[in-house]
Amino acid sequence: VSKLPGIPPEIKTDSDFLILKLFMRTNRMAEAEAKLNEVEKAIPQDDPRRVQVLLVKSQANLLNDKLETLEVDLNNVVALSVENYIRGKALNLLGDYYLKKNKPTDAFWEFLKVDTLYNQDVDEHAKALYNLSILFDKVKNDPIRSRQATDKLLESTYSKTEYQKKVSSDK
């Protein structure tokens with residue numbers, strides 16, 4: 001779509017952004033980074049989609065172990081975004097970051113925020129529940145709450161998520 005003549009710039013950028021997300025989802029990181037640079041240049045500084053670009057850039061940095069500015073960038077995404085699903089994704093990524101940094105207590109609190117405040121996106125909520133099912137026991141020494149997170153994740157709402165499959169296979 002983005003290569004068709006006469007396409008408005010906004011639609012071209014939206015198309016490129018969707019391609020970028022697809023590259024990320026399929027772990028084609030070299031192509032994703034190239035597309036990310038292209039999208040970042042195309043979106044004006046005052047465009048609200050810049051927050052989404054920062055979120056995707058943070059996700060790519062986490063996957064590539066480029067952790068230097070990740071905590072600050074993800075906190076900026078949370079502060080600047082008005083969309084709950086973006087905040088939920090950013091907080092889950094922040095939880096992943098803390099797990100990589102071997103800070104399970106900090107990770108616990110980020111996943112708990114997603115569970116209690118930013119649970120509108122089923123996949124992001126499932127990810128938070130999965131991590132809470134582990135961290136309630138590990139960090140808080142609370143096997144009952146751990147089991148409650150697992151039971152909630154096993155509900156039909158989460159049946160198509162990778163995290164329900166993970167929790168089922170962990171049993």
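The model is predicted, so local features need pLDDT of at least 70 and side-chain atom pairs count only at pLDDT 80 or more, whereas totals for chains, interfaces and linings use all residues. Residues are numbered from 1 along each chain as its sequence is written, and side-chain values use heavy atoms, with hydrogens and water left out.

Helices here are DSSP runs of H or I with at least four residues, numbered from the N terminus. Axes are lines fitted to C-alpha atoms over the stretch in contact, and angles run from 0 to 180 degrees between N-to-C directions. Helix 1 passes helix 2 in a left-handed crossing, in which the near helix is turned anticlockwise from the far one by less than a right angle.

Which residues meet in this pair? Among them are Phe17, Leu20 and Met24 in helix 1, and Leu36 and Val39 in helix 2; contact means heavy atoms within 4.5 Å. By class, this contact of helix 1 with helix 2 has ten nonpolar, one polar and five charged residues. Nonpolar covers Ala, Val, Leu, Ile, Met, Phe, Trp, Tyr, Cys and Pro, charged covers Asp, Glu, Lys and Arg, and the others, Gly among them, are polar.

Phe17, Leu20 and Met24 in helix 1 also meet residues in helix 3, including Val53, Val56 and Leu63. The contact of helix 1 with helix 3 divides into seven nonpolar, two polar and no charged residues. The axes of helix 1 and helix 3 come within 11 Å and cross at roughly 20°, which makes helix 1 roughly parallel to helix 3.

Helix 3 also packs with helix 4 (residues 70-80), at an angle of about 150° with axes 9 Å apart. Helix 3 and helix 4 are therefore roughly antiparallel to each other. Their contact has eight nonpolar, three polar and one charged residues.

Finally, the pocket. The lining of the largest pocket has ten nonpolar, three polar and ten charged residues. Helix 1, helix 3, helix 5, helix 7 and helix 9 each supply at least two residues of that lining.

Thank you for your attention.

Key. Angles under 35 degrees count as roughly parallel, over 145 as roughly antiparallel, 65 to 115 as roughly perpendicular and the rest as oblique.
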